[in-house]
Amino acid sequence: MASLPSYLAAARPVPLENRAPWYKNVMPSYFGIMLWFVFWQDLVTAGAKTHGHPAGVIAEGFPPAFVGLIISAVICHFFFYMAPALLGMRTGLPLYVIGSSTYGASGGRYMPGFLMGILQFGWMAVNAWAVAEILCKCFGLDPTSPGMSHGIIATAFAVLAGFMGLKGIKYVARVSTWLPLIPVAVLIGLICLTAGGLPGLNTPNEPSRLVAGIPENSPFVDMSVNPSTGQLNYMSYWQIVSVLVVYIVGFFATAGAAGTDIASNCRNENDVHVGGITGILLPTVLTGEVVLMAVGGAYGGQMVSPENYGNYNLVGLIPDIMNHRFGDSGPTIANIIMIALAISSFPAACFSALIAANSFKTVMPKINPWASVGVGTLAAVALAVSGWAGEVSKVFGVIGASFGPICGAMLADFLMAGRRWSGPRAGFNPAGWISWAVGFVVGAFNLVVDLLLKSKWEWVGTTFPNLVDYKDFIYVPPVTAFLVGFALYVALSVIGVRTRKLLGPDGRLLD
């Protein structure tokens with residue numbers, strides 16, 4: 001008779017009496033994620049520069065951007081979150097246990113649990129880089145490149161977060177419930193201060209100048225000409241929608257899979273649905289709309305200083321907005337706001353360290369968590385100090401490529417088992433691993449092409465002379481990776497490329 005690995009045999013569901021309503025678990029958890037300033041500050045220019053128009057997703061007015069926000073939120077909620085969350089609620093078990101049905105009892109140690117732990121240090125790096133950037137601005141330091149000051153702040157932030165994640169997470173948890181109110185207050189304040197400038201925006205019928213009064217040669221718009229058509233480069237409505245979906249879904253992918261752990265504390269299916277609507281759907285759409293209108297209102301109201309034209313990062317526009325509205329008091333108010341945003345992001349970095357530690361203890365129980373998390377924190381520091389973590393769109397792309405096929409395969413496994421958990425499968429389940437590998441290649445394809453095009457290796461041009469023609473060959477990569485993971489898992493399962501179950505309907509081991 002086969003035996004279960006120790007991590008599965010020791011797993012115990014969250015007791016029903018210990019579970020709580022949606023407003024105590026799912027909603028606040030996701031609300032804090034979707035209100036993180038690192039997510040929304042660059043929303044306007046999400047992927048826009050790759051399409052030749054840095055004015056981004058509001059270059060053709062607000063309607064196509066609003067449609068993109070709604071589509072992104074629907075995909076995150078119904079496709080990436082619902083299946084993992086329902087599995088967590090119905091079993092009360094964590095992600096690394098639930099994943100053993102898709103990736104096998106042996107494979108479940110590594111996918112998705114270990115991968116989730118590894119990627120947490122990517123999030124820590126992004127967090128440290130962004131916090132260092134805004135704190136440099138507050139204290140008059142140069143944040144434009146990863147210099148000495150930026151590196152010191154990023155290093156201190158990451159190391160402190162790693163330590164608190166292991167040692168003092170209970171203290172961080174006491175205040176983390178209230179800290180998401182900081183970005184809420186900031187966004188409400190910004191839209192109130194900039195809304196009066198919205199009538200000053202040009203209509204989409206005048207695409208050469210988005211904002212009245214800005215010269216045609218302003219860096220606010222890209223005046224480059226498409227050699228094929230002779231026309232100025234502007235994103236189409238479809239491109240606006242697609243770059244928003246790539247940006248938002250890529251950012252959300254790991255959080256969707258984490259719905260298993262979060263919703264394991266839910267009482268019933270209604271908690272899962274309502275928690276997702278209030279924590280994912282509504283915050284994504286509302287936050288996105290506020291950010292788009294605040295940036296547009298700042299430019300339409302002529303609040304942006306001439307030397308800052310072309311900057312559409314909302315956090316980067318806060319000093320100009322405050323100076324315009326409050327005069328001499330503006331710089332002080334702007335600094336207070338940005339320091340508050342930095343503080344509000346600290347618990348997320350601590351929880352990243354905690355999630356990584358729990359993941360590593362499952363996969364490598366004999367290794368001290370201080371050692372594994374310490375190495376991961378050093379890697380996060382390297383990514384932050386080097387500036388790579390500042391390429392937020394690329395980071396989101398890697399995460400979407402990694403977890404898109406995982407969420408797709410989990411949904412397929414969930415539906416094929418009759419909307420329930422099918423139980424662990426023996427060894428490494430080929431259907432899960434093959435679907436992930438192919439899905440990851442598909443999801444990361446555009447990133448690899450972009451990396452090769454920017455490289456200085458001579459063999460790239462010789463071996464792939466027409467490589468540029470494959471740029472953006474894969475449409476909406478995180479969603480495409482999800483669909484590939486889903487379809488391949490179904491197909492491979494149907495033809496029998498799936499290991500046997502280890503547990504019967506009564507929960508006993510099978511021969």
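Visitor: What makes the reach of helix H16 (residues 346–363) close to the expected one?

Guide: Welcome! Keep in mind that this is a predicted model. Helix H16 holds 18 residues and reaches 26 Å from its first C-alpha to its last. The expected span is 1.5 Å times one less than the number of residues, and for H16 that expectation is 26 Å, so the reach counts as close to it.

Visitor: And which residues of H16 are buried?

Guide: Among them are Phe346, Pro347, Cys350, Phe360 and Val363. For the protein chain of 511 residues, 54% count as buried.

Visitor: How do you know whether Thr377 is buried or exposed?

Guide: Buried means under 20% relative accessible area. Thr377 has a value of 8%, and therefore it is buried. This residue lies in helix H17 (residues 369–386). Leaving out residues up to four places away in sequence, Thr377 touches Phe121, Met124, Ala158, Val159 and Gly162.

Visitor: How is Val395 classed, and what is it in contact with?

Guide: Val395, found in helix H18, has 5% relative accessibility, which is under the 20% limit, so it counts as buried. Beyond its neighbours within four places in sequence, Val395 is in contact with Val126, Trp388 and Ala389. Its C-alpha is also 9.9 Å from that of Leu447, a residue 52 places away in sequence.

Visitor: Why are helices H18 and H19 called roughly antiparallel?

Guide: Angles over 145 degrees count as roughly antiparallel. H18 (residues 392–416) and H19 (residues 430–454) pack at about 165 degrees, with axes 7 Å apart, and that makes H18 roughly antiparallel to H19. The crossing is right-handed. On the H18 side the contact includes Lys394, Gly397, Val398 and Ala401, and on the H19 side it includes Trp436, Phe440, Leu447 and Asp450. By class, the contact has 9 nonpolar, 5 polar and 3 charged residues.

Visitor: What makes the pair H2 and H11 roughly antiparallel?

Guide: The axes of H2 (residues 26–34) and H11 (residues 237–257) cross at roughly 160 degrees and come within 11 Å. The angle is over 145 degrees, and therefore H2 and H11 are roughly antiparallel. Their crossing is right-handed. Tyr30, Ile33 and Met34 of H2 meet Phe251, Phe252, Ala255 and Gly256 of H11. This contact has 6 nonpolar residues, 1 polar and no charged ones.

Visitor: How is Val476 classed by accessibility, and what is its phi?

Guide: Val476 has a relative accessible area of 14%, under the 20% limit, so it is buried. Its phi is near 45 degrees, a positive value in a residue other than glycine. Val476 sits in the loop between helix H20 (458–463) and helix H21 (477–494).

Visitor: What is the omega of the bond from Met111 to Pro112?

Guide: Omega there is near 5 degrees, and the peptide bond is cis. Pro112 is in helix H7 (residues 110–138).

Visitor: How many helices and strands does the chain have?

Guide: The protein chain has 21 helices and 0 strands. Among contacts between residues at least 6 apart in sequence, 82% join residues at least 24 apart.

Key
Residues are numbered from 1 along each chain as its sequence is written. This is a predicted model: local features need pLDDT of at least 70, side-chain atom pairs count only at pLDDT 80 or more; totals for chains, interfaces and linings use all residues. Side-chain values use heavy atoms; hydrogens and water are left out. Axes are lines fitted to C-alpha atoms, for helices over the stretch in contact, and angles run from 0 to 180 degrees between N-to-C directions. Helices (H or I, at least four residues) and strands (E, at least two) are DSSP runs, numbered from the N terminus. Angles under 35 degrees count as roughly parallel, over 145 as roughly antiparallel, 65 to 115 as roughly perpendicular and the rest as oblique. A crossing is left-handed if the near helix is turned anticlockwise from the far one by less than a right angle, and right-handed if clockwise. Contact means heavy atoms within 4.5 Å. Ala, Val, Leu, Ile, Met, Phe, Trp, Tyr, Cys and Pro count as nonpolar, Asp, Glu, Lys and Arg as charged, and the others, Gly among them, as polar. Buried means under 20% relative accessible area, exposed over 50%, partly exposed in between (1.4 Å probe, protein chains only).
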